[in-house]
Amino acid sequence: MAHAYSIQEPQGQYFITCTVHQWVDVFTRKLYVDIILDSLRYCQQKKGLKIHAWVIMSNHIHLIVRSEAENLSNIIRDFKKFTSKQIFEAIKSNPEESRKNWLLWLFTKDEQICFWQAGYHAKEILTQSFFENKLDYIHLNPVRAGFIEKEEEYMYSSCSDYYGTRKGLLELDIA
C-alpha cells in the first residue's frame with residue numbers, strides 16, 4: 001500500500017495534500033503562510049515546479065502540480081523538509097506566538113522536527129474530469145470550512161486566478 005498514493009510517473013500531474021502533524025492549525029498566522037508561499041515560489045523558479053492550482057488551509061495544503069525538470073517526489077520532499085525547519089524556527093522566534101511551547105513540543109520527536117505528517121497523498125491526474133473535480137475540491141475547501149462564502153474571496157488559493165477576479169499570490173501554469 002506504500003505506493004498507492006505516491007508519485008509513480010515523475011513527469012505526471014498530481015493532486016497532492018500535505019498535512020500538518022496532528023492537524024494543528026498553524027496557517028492561521030500570516031508569518032507561517034508566507035514561508036509556504038516563498039518556498040513554493042522558490043520551487044517554481046529554481047526546481048521547475050509547475051503549479052496548476054493550490055490552497056493553504058489552516059492545517060493542510062492542497063496542490064495540483066507537475067515538474068518538467070526535477071523529479072516531483074524530490075521537490076515535494078525538499079519542500080516539506082525546508083518548510084518544516086523554517087516554520088519551526090519561526091515559531092521558536094515569534095514573540096507573539098501564544099502557543100509557542102506547546103507547538104515546539106508537539107513538532108519535536110526524538111529531537112527531530114516533525115512538522116508535516118508523513119507522505120503527501122499524491123493522486124495522479126489522468127483525465128480532464130478528474131482535474132476539474134480536484135480543482136473544484138481545492139477552491140471550495142475554504143467555503144466548506146466556513147472561512148468564506150464565495151470561493152474567489154479566499155486569499156490563499158488559486159481560485160481568483162481562475163475566476164479572473166484578481167492576480168493570485170503564486171504564478172500558475174494554467175493550460
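Helix 1 lies across strand 2 and strand 3, and its direction is at about 165° to strand 2. Keep in mind that this is a predicted model. Helix 2 also lies across strands: strand 1, strand 2 and strand 3, running at about 145° to strand 3.

What is the order of the strands in the open sheet? There are 4 strands, and the order is 2-3-1-6, with antiparallel pairing. Strand 2, residues 49-56, and strand 6, residues 123-124, are at the edges. Each of these has a single partner strand, so one side of each has no neighbour in the sheet.

Inside that order, take strand 1 and strand 3. Strand 1 covers residues 14-19 and strand 3 covers residues 60-67; they run antiparallel and are joined by 6 bridges. If you want a place to look, find T17, which stands opposite H62 in strand 3.

Back to the helices. Helix 1 is residues 30-47 and helix 2 is residues 72-93; their axes come within 10 Å and cross at roughly 150°. That angle makes helix 1 roughly antiparallel to helix 2. The crossing is right-handed.

Which residues of helix 1 meet helix 2? On the helix 1 side they are L31, Y32, I35, I36, S39, L40, C43 and K47. On the helix 2 side they are I75, D78, F79, F82, T83, Q86, I87, A90 and I91. Sorted by type, the residues of this contact are 12 nonpolar, 3 polar and 2 charged.

Last, the database record. An unreviewed UniProt entry lists residues 9-141 as "domain: Transposase IS200-like". Over those residues the chain is 46% helix and 21% strand.

Conventions
Residues are numbered from 1 along each chain as its sequence is written. This is a predicted model: local features need pLDDT of at least 70, side-chain atom pairs count only at pLDDT 80 or more; totals for chains, interfaces and linings use all residues. Side-chain values use heavy atoms; hydrogens and water are left out. Axes are lines fitted to C-alpha atoms, for helices over the stretch in contact, and angles run from 0 to 180 degrees between N-to-C directions. Helices (H or I, at least four residues) and strands (E, at least two) are DSSP runs, numbered from the N terminus. Angles under 35 degrees count as roughly parallel, over 145 as roughly antiparallel, 65 to 115 as roughly perpendicular and the rest as oblique. A crossing is left-handed if the near helix is turned anticlockwise from the far one by less than a right angle, and right-handed if clockwise. Contact means heavy atoms within 4.5 Å. Ala, Val, Leu, Ile, Met, Phe, Trp, Tyr, Cys and Pro count as nonpolar, Asp, Glu, Lys and Arg as charged, and the others, Gly among them, as polar. UniProt positions are given in the numbering used here, feature names are shortened, and annotations may be inferred rather than shown by experiment. Two strands pair if DSSP finds at least two bridges between them.
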